[in-house]
Every structure is written in structure tokens, then in C-alpha cells.
Amino acid sequence: MNRKNILAPSILAADFKTLGDEVSIVKKAGAEYLHIDVMDGAFVPSISFGMPVISSIRSATDALFDVHLMIVEPEKYIAEFAACGADSITVHAEAARHLQRVICDIKERGLRAGVALNPATPLNALDYVLPYLDMVLIMTVNPGYGGQPYIPEMTEKIRTLRRKALELGLDLDIEVDGGINDRTLPLVLEAGANVCVAGSAVFGGDRAANVWKMLGVMERYTEYSLQDF
Ligand code: DX5
Ligand code: ZN
């Protein structure tokens, strides 16, 4: 099966005083998604930003807005995130009390739907919702902060999910988030991830050069086949 690899710079690590420029620089350099981390201080220890920031950068870029909700009761806010410009909304399995319902709500609004799993959450949390999903986000750190190191046990988790998706014939995006840089990128790509979030590895130093370097690695992985997993 052909694969489409996508780089999703996380604006959590961007310079907020020039956020509009930051997002247009990474899009121009070739990143197709913009990963937008919403943190509420309850599901995760930290607080990031919410709807007003997302609405204001919507006009700065036509990148796909990949909104990662690290919030409790995400079902209460789907309509508002859709209205402020989200193209894809990912909720945590650990945070949504009625996961299947919130996925359907996202889909009915014409958006892409994703579910994120914390490192300790088993893949079988997805058993009865996988066919509804466009994307699964395998957290490769515990959510809450940028700049944490990749958790090595997650490589096998990614591989198991890609194998399962291929066995079921699902064209599933597998996104990875946390500690992704040019050293860990080959591990996750080889394991079958195809949407790669990177915060500090993109927004530290020369943004465009960082994007090109990561896209260069991603280009080497062109397809999936079951025997590789
Ligand atoms: C972590 C966030 C990540 C974060 C990744 O809770 O979900 O998206 O920005 O940052 P890096 O790439 O620096 O690990
Ligand atoms: Zn994220």
C-alpha cells in the first residue's frame, strides 16, 4: 500500500510573538499540517492556548489544522473548535467518556477524526472504534509538555497498530507525537507511523532547514506492506 508521510510542526514550541510568521514559514518549507496542542491544566498539568489563538492564525496559512485536544470532556468543545478552523480533531481515549459519540460528532461536521492514546493506554482501547477513525495518535511521551524524550517502548506499539490496520485493510493515518527529531524519526517511520509531529525539532534554530531535513528522512519511506510489520 502506498503511504503518504506528513510532517506536522507543533506550534507549542513556536515563538508566540510572531506566530503568524512561524506558521507560514513551516508551511512554505513543505510541512502540510500544523499541529495545535490545546491543554487545559486538568487532563494534563499545563495550560497552552485555545480558540482565539487558533482563529487568529487561521488566516496566516492554508495548512491543515490538526488540533490535539488534551482536555477533559472534549465533547463539550467540538463545535467551537470546528468553528475556529480545525480540519482534524483528535481527542484522548482517556478523556472522552463516550468516545464513539464524540468521534461521530467530529465526523458529522465534515472533519477528520482522531483518537490519541497515552503511552500506558493499550491499543485495544480502540477495538470498537477503529473503523470510524481517520487517524490514531500514538503519544510517544506523556502529554503535557514539549521537549521530552521519546519513550522507546512506543516503537512496538506503532508497529502493532500498523500491522492491525493493514490486516483490516484500513487506510489509517498513524500519528506520533513527542520526542520526534531526526534521530527518532527513522524508528517511527520504520514502525509504520506516517504523520510525524515535531515541536522543538522544528521550532529551534532554522525552521525551514529543520523542515527540509525531516522531510528528507520521510521521503525514504514510500510504502507499507504487511510482511514488514
Ligand atoms: C506534548 C504535545 C506535543 C509537543 C511535542 O504533550 O502533544 O505535540 O508539542 O513537542 P516535542 O516535539 O518537542 O516533543
Ligand atoms: Zn500534540
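1. Strands here are DSSP runs of E, at least two residues long, numbered from the N terminus. With that naming, β2 and β8 each supply at least two residues of the lining of the largest pocket. Keep in mind that this is a predicted model.

2. The pocket itself comes next. The largest pocket has a volume of about 280 Å³. Its lining counts 24 residues, and the closest to the pocket centre are Y145, G146, G147, D177 and G178. By class, that lining divides into twelve nonpolar, ten polar and two charged residues.

3. What sits in the largest pocket? Ligand 1 does. A shell of 20 residues surrounds ligand 1. The closest of them are D37, G144, D177, G199 and S200. The shell holds eight nonpolar, ten polar and two charged residues.

4. Which strands each supply at least two residues of the shell around ligand 1? They are β2 (33–39), β3 (64–70) and β8 (195–198). The largest share, three residues, comes from β2.

5. Now the polar contacts with oxygen atoms of ligand 1. A polar side-chain atom of S200 lies 2.5 Å from one such oxygen. G179 uses its backbone: an N or O atom there lies 2.8 Å from an oxygen atom of ligand 1. For H35, a polar side-chain atom lies 3.5 Å from an oxygen atom of the ligand.

6. How much of the accessible area of ligand 1 does the protein cover? On its own, ligand 1 has 380 Å² of accessible area, and the protein covers 99% of that.

Conventions:
Residues are numbered from 1 along each chain as its sequence is written. Chains are lettered from A and ligands numbered from 1 in the order in which they are written. This is a predicted model: local features need pLDDT of at least 70, side-chain atom pairs count only at pLDDT 80 or more; totals for chains, interfaces and linings use all residues. Side-chain values use heavy atoms; hydrogens and water are left out. A residue is near a molecule or strand if one of its heavy atoms lies within 4 Å of it. A polar contact is a pair of N or O atoms within 3.5 Å; within protein, one must be able to donate a hydrogen and the other to accept it, and residues adjacent in sequence count only if both atoms are side-chain atoms. Accessible areas come from the Shrake-Rupley method with a 1.4 Å probe; for residues, only the protein chains shown count as cover. On a 1 Å grid over the protein atoms alone, a cavity is a set of points where a 1.4 Å probe fits but cannot get out, and a pocket is an open set with protein on both sides within 12 Å along at least five of seven lines; lining residues have an atom within 4 Å of a point. A molecule sits in a cavity or pocket if more than half of its atoms lie within 2 Å of its grid points. Helices (H or I, at least four residues) and strands (E, at least two) are DSSP runs, numbered from the N terminus. Ala, Val, Leu, Ile, Met, Phe, Trp, Tyr, Cys and Pro count as nonpolar, Asp, Glu, Lys and Arg as charged, and the others, Gly among them, as polar. Grid points are joined across faces, edges and corners, and a volume is the space filled by probe spheres set on the points.
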